[in-house]
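The entries follow the order in which I worked.

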Amino acid sequence: MLIAIEGIDFSGKTTQATLLHSEVKGELLKFPRRENTLIMNYLKGEKPFCEEASFFIFLADIIDGIKRAERRVESKNELVVCDRYVYSTVAYSKIDVNNAKEIVKLSPLPKADLVVLLDLEMEEYKKRIGEELDSYEKNLNFIEKVRENYLEMAKEKFFAKEWMVISSSKGVEEIHLEIKKKINSLSQSI
């Protein structure tokens, strides 16, 4: 079962993905992968490629990571938890969002069984941001657009069997329990 934990920066994705992974049999995949120096340098503000190419480089990172974990992704008995997946690539895309969605649909990637969108309102985002921000995190107008892109994908149930939206202003444990409850109900229906 493939579970994607999504949301804008500082919404609690890594916390929830790590908590979930600590309790289940399976694998945790974090995207973008930190060993991808091309992407990490890009996020630090270096521009080794044009903005439009970033979508394809982030997508290629996910395809490679998922293909390496393919046996587990296809297993009904193991959970693959993704701290970001293709939905982040679409939401943060510098190309037209509708074009990005079409490209994802044509990719060799599997649909997530469940996308958990941790929705963080902009006022709360401003409270959570720190000093060292990457090139995306600094631009509040861009982050607001990313949030809107996520909410639109959730409304459409884009490229997933199920979406659930949870306010990330809730407590960590409360969010975690909601996610586990949803996964339990899905695993019983498989």
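Is Asp119 buried or exposed? I worked from a predicted model. I found a relative accessible area of 13% for Asp119. Buried means under 20%, so Asp119 counts as buried.

Entry on the surroundings of Asp119. I located Asp119 in strand β4, which covers residues 114–119. I then looked up its side-chain partner and found a polar contact of 2.8 Å with the side chain of Arg147. Leaving aside residues up to four places away in sequence, I listed Arg147, Leu151, Val165, Ile166, Ser167 and Ser168 as the residues that Asp119 touches.

Entry on strand β1. I traced the neighbours of β4 and noted that β1 runs parallel to β4, joined by 4 bridges. Glu6 has Leu117 of β4 as its bridge partner. I checked the burial of β1 (residues 2–6) and found 5 of the 5 residues buried, so the strand is largely enclosed by the rest of the structure. In a regular strand the side chains alternate between the two faces of the sheet. I recorded Leu2, Ala4 and Glu6 on one side of β1, with Ile3 and Ile5 on the other, all buried.

Entry on the nonpolar cores. The largest nonpolar core holds 48 residues, and Tyr150 is one of those that touch the most other members. Beyond four places in sequence, the contacts of Tyr150 include Glu6, Ile8, Leu117 and Trp163. Apart from this core I noted another, of 16 residues, including Met1 and Ile179.

Conventions. Residues numbered from 1 in each chain as written. Predicted model: local features only at pLDDT ≥ 70, side-chain atom pairs only at ≥ 80, totals over all residues. Heavy atoms only, no water. Core = buried A, V, L, I, M, F, W, Y, C linked by side-chain atoms within 4.5 Å. Buried < 20%, exposed > 50% of the residue type's maximum accessible area, 1.4 Å probe, protein only. Contact = heavy atoms within 4.5 Å. Helix = DSSP H or I, 4+ residues; strand = E, 2+ residues; numbered from the N terminus. Polar contact = N/O pair within 3.5 Å; in protein donor to acceptor, adjacent residues only side chain to side chain. Pairing = 2+ DSSP bridges.
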